Amino acid sequence: MVSFLIKPDAAKSHMPGAIEKFGIMTPQPFPRELLESAANTIFEADGFSAPAWWADHQQSGRGPRP
Ligand code: HEM
């Protein structure tokens, strides 16, 4: 996630539909330690896991496997 925040790359995205709709997000101009801290906060958040609809979404062929 940190490398994506520094240099968002459509080829590495898990959300091609979002990129089509909104374009690629801008690089986040923060120190690497801050981006690592943000990524850790997201991964360590209570209840962080694949949402129930993710398996069906993958089966539908609408996005690459993570
Ligand atoms: C620290 C701040 C941020 C974090 C941690 C973050 C994280 C992410 C992640 C993990 C994704 C999915 C990447 C994938 O496709 O696999 C994503 C997508 C996206 N983000 Fe961010 N983001 C941040 C800031 C922003 C900001 C400031 C904007 C808008 C100005 C933004 C707009 C988007 C959009 C439009 C997408 C979907 C399309 C794409 O991948 O570019 N993000 N973001």
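Numbering starts from 1 along each chain, following the sequence as written. Because the model is predicted, local features need pLDDT of at least 70 and side-chain atom pairs count only at pLDDT 80 or more, while totals for chains, interfaces and linings use all residues. The pLDDT score is the predictor's confidence in each residue, from 0 to 100. The chain averages 89 on that scale, and 94% of the residues score at least 70. Helix α1 comes out with the highest confidence, at a mean of 96, whereas α4 (residues 54-59) has the lowest, at 82.

As for the fold, the chain has 4 helices and 0 strands, and its pattern along the sequence reads α-α-α-α. Helices (H or I, at least four residues) and strands (E, at least two) are taken as DSSP runs, numbered from the N terminus. The C-alpha trace spans about 40 × 30 × 15 Å along its principal axes. Burial is judged by counting other C-beta atoms, placed from the backbone, within 10 Å of a residue's own: 20 or more is buried, 12 or fewer is exposed, and in between is partly exposed. By that count, buried residues make up 0% of the 66 residues in the chain.

The ligand has 15 residues around it, the closest being S13, H14, M15, A18 and M25. A residue is near a molecule or strand if its C-beta atom, placed from the backbone, lies within 6 Å of it. Both α1 (2-6) and α2 (16-22) supply at least two residues of this shell, and α2 gives the largest share, with 3 residues. By type, the shell splits into 11 nonpolar, 4 polar and no charged residues. Nonpolar here means Ala, Val, Leu, Ile, Met, Phe, Trp, Tyr, Cys and Pro; charged means Asp, Glu, Lys and Arg; the others, Gly among them, are polar. M25, one of the closest residues to the ligand, sits in the loop between α2 and α3. M25 is partly exposed because 13 C-beta neighbours fall inside 10 Å. Its C-alpha atom is 9.5 Å from that of F4, 21 residues away in sequence.

Contacts are pairs of residues whose C-beta atoms, placed from the backbone, lie within 7 Å. Beyond its neighbours within four places in sequence, L35 touches V2, L5, I6, Q28 and F30 in this sense. L35 and V2 are 33 residues apart along the chain, yet their C-alpha atoms are separated by 6.0 Å.

L34 also lies in α3, but it counts as exposed because its C-beta neighbours inside 10 Å number 12. The C-alpha atoms of S3 and G23 are separated by 18 Å, the two residues being 20 apart along the chain.

Technical notes:
Two residues are in contact if their C-beta atoms, placed from the backbone, lie within 7 Å.
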